[in-house]
Amino acid sequence: MEFVQYIIIIVLAILIALAVSKAISKDAKIEVNKLVEYLGGKDNIVNYEVNKSRFVVTLKDITKVNKESIQKMGAQGMVEIDNQLKIILGNDAQALKKQIDALK
């Protein structure tokens with residue numbers, strides 16, 4: 001009888017873990033969509049890359065960027081050079097690139 005209870009507990013733990021993982025992935029996609037919007041839309045993005053903790057994006061028109069909203073999303077800092085914006089995101093930079101790649 002105890003064996004069956006352990007099996008049920010393990011199955012429930014796995015189902016909960018899968019539900020949490022799916023919810024986190026959905027939230028990440030929402031955040032990516034917001035970031036693209038704050039960068040002036042996908043048509044404004046010429047190129048992007050990740051360099052360690054930095055998300056580097058080249059833009060057509062940097063004046064379309066909503067820097068305040070990007071800061072509120074958790075950016076640790078930003079550096080603007082000509083039409084390029086370097087957003088310091090920490091460990092989230094690599095995950096963000098994967099999410100944006102998935103949008104293409």
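Predicted model: local features only at pLDDT ≥ 70, side-chain atom pairs only at ≥ 80, totals over all residues.
Local features were considered at a pLDDT of at least 70 and side-chain atom pairs only at pLDDT 80 or more, whereas totals for chains, interfaces and linings use all residues. Residues are numbered from 1 along each chain as its sequence is written, and side-chain values use heavy atoms, with hydrogens and water left out.

The protein chain contains 3 helices and 4 strands, taken as DSSP runs numbered from the N terminus (helices, H or I, at least four residues; strands, E, at least two). Along the sequence these elements follow the pattern α-β-β-α-β-β-α. Of the 104 residues, 27% count as buried; here buried denotes under 20% relative accessible area, exposed over 50%, and partly exposed the range in between (1.4 Å probe, protein chains only). The chain exposes about 7500 Å², of which carbon and sulfur atoms supply 57%. Accessible areas were computed by the Shrake-Rupley method with a 1.4 Å probe, and for residues only the protein chains shown count as cover. Among contacts (heavy atoms within 4.5 Å) with a separation of 6 or more, 51% are between residues 24 or more positions apart.

The 4 strands form an open sheet with antiparallel pairing, in the order β1-β2-β4-β3. Strands β1 and β3 each have a single partner strand and stand at the edges, so one side of each lacks a neighbour in the sheet. On average, neighbouring strands of the sheet are turned by 15° against each other, direction ignored. The axes behind this angle are lines fitted to C-alpha atoms, for helices over the stretch in contact, and angles run from 0 to 180 degrees between N-to-C directions.

Strand β4 (residues 84-88) pairs with β2 and with β3, where pairing requires at least two DSSP bridges between two strands. Antiparallel strands β2 (residues 54-59) and β4 are joined by 5 bridges. Within this pair, Val-56 has Lys-86 as its bridge partner, and Thr-58 stands opposite Gln-84. Strand β3 (residues 77-81) is also antiparallel to β4 and is joined to β4 by 5 bridges; here Ile-81 is the bridge partner of Gln-84. Lys-52, in the loop between β1 (45-51) and β2, is not a glycine, yet has a positive phi of about 55°. Lys-52 is exposed, with a relative accessible area of 71%. Asp-82 is likewise not a glycine and has a positive phi of about 55°. Asp-82 is placed in the loop between β3 and β4, in a hairpin with 2 residues between the strands. The relative accessible area of Asp-82 is 67%, and the residue counts as exposed.

Glu-68 is exposed, at 54% relative accessibility. Glu-68 and Tyr-38 are separated by 30 residues in sequence and by 9.0 Å in space, C-alpha to C-alpha.
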